[in-house]
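Take a look at the structure below.

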Amino acid sequence: MARSTPYTYIQCPCSGYSDADQGDSPDGLSEDEDERTFDPRAPRSNYSLYPLEYLLFCEDCQQIRCPRCVTEETVTYYCPSCLFEVPSSNLRSEGNRCTRSCYQCPVCVGPLQVGAIQASQDANVASPDTAQTGSSTSGPLALFCQYCNWTSKETGIEFDRPGGIHSQLAKMNNGGAPKLTPKDVKERRKDNPDEPLVSDDQVDSDFQFASLKAFYTEQLADASTSLGGLPLHDSVGFSSPAALTRIMSLYTGRGHGGRLQKGPPDVMREALNTEEGLKLAQLDESRLVKKLTQGGWEATTSRDQRDAQIDPAVRFQDDLRPIPYLLRTKRSKRCPVCRHIISKPENKVTSTRFKIRLVAKSYIPNITIRPMHPTAAPVPVTSRPGVADESPLKPLRPHQYILTFKNPLFESIKVTLATPNATPGRFSSKVTILCPQFEVDANTDMWDDALKEDGRDRSRRGDDAAGGEAGKIWDKGRNWVSIVLEVIPASLRPENQAIGAKDAPVDDSPLKEDEDILEIPMFVRMEWEADAQHEVGAGSKDKEAREKRELAYWCVLGVGRISHE
């Protein structure tokens, strides 16, 4: 979590209880769930606390939804470079990479451009300075990076035309040699039946996948013929995901149509040679060791470069290939309980707008905390944005903070706050909320508030409420209310642990990371009246009826750091 104090985090209810706790009460929660105090220092809390801007809200369930508990659905696929929308039907045939000549540099992941290669007297390697990038069609072409000056000429890859880079690169190995395909092998065998088999050095990942696919397709066809012409589709045969016994019968030869019996020998065999997709492991790495000795550590690839490559066996810089852009997606989000859409972007790739966007800050109050007597100097206007760091809190001394609740709803809300007297953890601090119950006015137009009576405007601080007095509001406005929170930080010395627990064991271990931050768990309950949701065709009287609603959740207030003195 971010540790820039003060801060306010909201707990999502999806991680507030486990599956074992359900079923004890009618609402699905255990009997002790309401009495359990939220511990912000528990390891599980790191995955349940979010800033208010990160949360969504379901109007049907009236619950907060975090990024972890929503159900996502893909709206569209697109390339982040050319912004071309890819139909979902093309993903199976073309993969999840862009096929419109959009490539990234394998060294710095920058965009690559197509340019003509000019002859150089000093070296055979082209550079962006000697390349005519753009729409040039004269001479051999290559891909150039404008950031790190890498070029595909370094790996021996050149192109004949500026268009169709993806199709040209798919037929080319490093060094410029054409790739071997199963179709080429069959044509060679027709002309020369006695030609030896393909060597393992010529078998790359594409050739191996195509050979294995053709081999097993033929084996499945033979298996279907041996079973009396049993069709292979999604519900019957070996293509059914649920028919595991049928799939295993291909290798065991024990059973037809899912029946186990003593039958003929195996009807499917494994690949036996390189033409069928078999590739033996290369255990002799003397050539790679010699290359590493000559080139050194700088000639090898980093982990990020290997992860970005399609072929994971890349080890040296001269084996790197241009990386086609990975497709991105636009996704809609649904509530996991009622399947209500809570976020849906527009289908246009160039648009950043949303058709539906139910953010939580439009439904629950925005809580801010600030010290009543700040010690940090104000941030100058010329230095903004900036954060004014407060001095550490002195242990065992009272400190006052102002909590402000801003109501985003168009109805007034009643807020009830609850917090433990001592914060959980090894160093317990005392906490007191001076005004635990109050009401926040509706979020109406600011001009409506200006036309109210002057007597109501004078009900702010100094007239009807004494600042810092118990049970009184510190300040209030059109749709916001400020109250006072008093804390007494604990001492970080082991002998002063667990204030109020004399028999508690003392932990003498060193101070952990961020353990000196004073975090206060606070339970917020809000109640309001809203228009009742009725079905179509309801009477006029029912439409005017209003229903009471309520929402309760935990939040964490990061007050500041405690001094180590």
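This is a predicted model: local features need pLDDT of at least 70, side-chain atom pairs count only at pLDDT 80 or more; totals for chains, interfaces and linings use all residues.

**Cavities**
- Rolling a probe the size of a water molecule over the atoms shows where empty space is left.
- The count is two cavities of 30 Å³ or more.
- The largest cavity holds about 100 Å³ of space.
- Its lining is made up of 14 residues. Arg41, Pro424, Phe427, Glu515 and Ile517 lie nearest the centre of the largest cavity.
- Six residues of this lining are nonpolar, three are polar and five are charged.

**Ser343**
- Ser343 sits in strand β13, which covers residues 341-345.
- Is Ser343 buried or exposed? Buried means under 20% relative accessible area. Ser343 has 1% relative accessibility, so it counts as buried.
- The side chains of Ser343 and Arg357 are joined by a polar contact of 3.1 Å.
- Beyond its neighbours within four places in sequence, Ser343 is in contact with Leu56, Ser332, Lys333, Phe354, Ile356 and Arg357.

**Ile165**
- Ile165 belongs to helix α2, residues 165-170.
- Ile165 counts as buried because its relative accessibility is 0%.
- Which residues does Ile165 touch, not counting residues up to four places away in sequence? They are Ser101, Tyr103, Val114, Leu143 and Phe159.
- Ile165 and Val114 are 51 residues apart in sequence. From C-alpha to C-alpha, Ile165 and Val114 are 8.8 Å apart in space.

Note on methods:
Residues are numbered from 1 along each chain as its sequence is written. Side-chain values use heavy atoms; hydrogens and water are left out. On a 1 Å grid over the protein atoms alone, a cavity is a set of points where a 1.4 Å probe fits but cannot get out, and a pocket is an open set with protein on both sides within 12 Å along at least five of seven lines; lining residues have an atom within 4 Å of a point. Grid points are joined across faces, edges and corners, and a volume is the space filled by probe spheres set on the points. Ala, Val, Leu, Ile, Met, Phe, Trp, Tyr, Cys and Pro count as nonpolar, Asp, Glu, Lys and Arg as charged, and the others, Gly among them, as polar. Helices (H or I, at least four residues) and strands (E, at least two) are DSSP runs, numbered from the N terminus. Buried means under 20% relative accessible area, exposed over 50%, partly exposed in between (1.4 Å probe, protein chains only). A polar contact is a pair of N or O atoms within 3.5 Å; within protein, one must be able to donate a hydrogen and the other to accept it, and residues adjacent in sequence count only if both atoms are side-chain atoms. Contact means heavy atoms within 4.5 Å.
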